[in-house]
Amino acid sequence: QVQLVESGGGSVQAGGSLRLSCVASGDTARSYCMGWFRQAPGKEREGVASIDSRGITRYSDSVKGRFTISKDNAKNTLALQMNSLKPEDTAMYFCAANSGAYCWGTKWYQNWGQGTQVTVSS
């Protein structure tokens with residue numbers, strides 16, 4: 001089992017930046033995929049970015065070019081750098097870990113953090 005704790009959320013004006021962090025502990029060796037997801041009120045949880053054990057990344061079209069996912073294996077830390085934020089980026093952001101081979105899709109993830117709120121004002 002992997003325990004995940006997110007931090008770095010907050011309020012920012014449109015065009016600003018935030019950097020989210022996720023610290024993983026427990027059986028991190030089996031986490032072949034890591035990802036960031038978000039959920040706005042009344043909407044389904046959606047994938048934002050993922051990174052596999054080889055460092056290959058994937059982004060949703062809505063954040064591509066603005067967000068960057070990265071990881072520090074030595075520190076068991078996952079990060080999401082968010083630039084040029086838009087009001088539509090407002091959501092609860094979740095860090096997740098996946099022990100399987102498929103890194104894209106909410107249904108493939110087993111371990112989730114508690115979430116951190118990101119609010120972008122116009």
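1. The side chains of Arg38 and Ser62 are joined by a polar contact of 3.3 Å; a polar contact here is a pair of N or O atoms within 3.5 Å, where within protein one must be able to donate a hydrogen and the other to accept it, and residues adjacent in sequence count only if both atoms are side-chain atoms. A second polar contact, of 2.9 Å, links the side chain of Arg38 to that of Tyr93.

2. On the basis of these points: the model is a predicted one, in which local features need pLDDT of at least 70 and side-chain atom pairs count only at pLDDT 80 or more, while totals for chains, interfaces and linings use all residues. Residues are numbered from 1 along each chain as its sequence is written, and side-chain values use heavy atoms, with hydrogens and water left out.

3. Arg38 belongs to strand S4 (residues 33-39); strands (E, at least two residues) and helices (H or I, at least four) are DSSP runs numbered from the N terminus. Arg38 counts as buried because its relative accessibility is 5%, the classes being buried under 20% relative accessible area, exposed over 50% and partly exposed in between (1.4 Å probe, protein chains only). Leaving aside residues up to four places away in sequence, Arg38 touches Glu44, Arg45, Glu46, Val48, Ser62, Val63, Phe67, Glu88, Asp89, Ala91, Met92 and Tyr93, where contact means heavy atoms within 4.5 Å.

4. The whole structure contains four salt bridges, each defined as a side-chain nitrogen of Lys or Arg within 4 Å of a carboxyl oxygen of Asp or Glu. One of them connects the side chains of Glu46 and Arg38, at 2.8 Å from N to O. Glu46 is partly exposed because its relative accessibility is 36%, whereas Arg38 is buried.

5. Another salt bridge is formed by the side chains of Arg66 and Asp89, with an N to O distance of 2.8 Å. Arg66 sits in the loop between strand S6 (57-59) and S7, and Asp89 in the loop between S8 and strand S9 (91-98), so the pair ties together parts that are 23 residues apart in sequence. Both Arg66 and Asp89 are buried. Through salt bridges that share partners, Arg38, Glu46, Arg66 and Asp89 form one network.

6. What is the N to O distance in the salt bridge between Asp61 and Lys64? It is 3.4 Å, between the side chains of Asp61 and Lys64. Asp61 is exposed because its relative accessible area is 68%, and Lys64 is exposed because its value is 52%.

7. S7 pairs with strand S8 (residues 77-82) in the antiparallel sense over six bridges, and Asp72 stands opposite Thr77 in S8.

8. Strand S11 (residues 116-121) has Thr116, Val118 and Val120 on its covered face and Gln117, Thr119 and Ser121 on its uncovered one. Strand S2 (residues 10-13) runs parallel to S11, joined by four bridges, with Gly10 opposite Val118. S9 runs antiparallel to S11, joined by three bridges, and there Val118 is the bridge partner of Ala91.

9. Ser50 lies in strand S5 (residues 46-52) and counts as buried because its relative accessibility is 4%. Apart from residues up to four places away in sequence, Ser50 touches Met34, Gly35, Ile56, Thr57, Arg58, Ile69, Cys103, Trp104 and Tyr109.

10. As to the chain as a whole, there are 11 strands and zero helices. The radius of gyration is 13 Å, close to the 14 Å that the globule rule gives for 122 residues, so the chain is as compact as a globular protein of that length; the radius is taken over C-alpha atoms, and the rule is 2.2 Å times the number of residues to the power 0.38. Along its principal axes the C-alpha trace spans about 40 × 25 × 25 Å. Buried residues make up 41% of the 122 residues. Of the contacts with a separation of 6 or more, 59% are between residues 24 or more positions apart.

Note on methods:
Two strands pair if DSSP finds at least two bridges between them.
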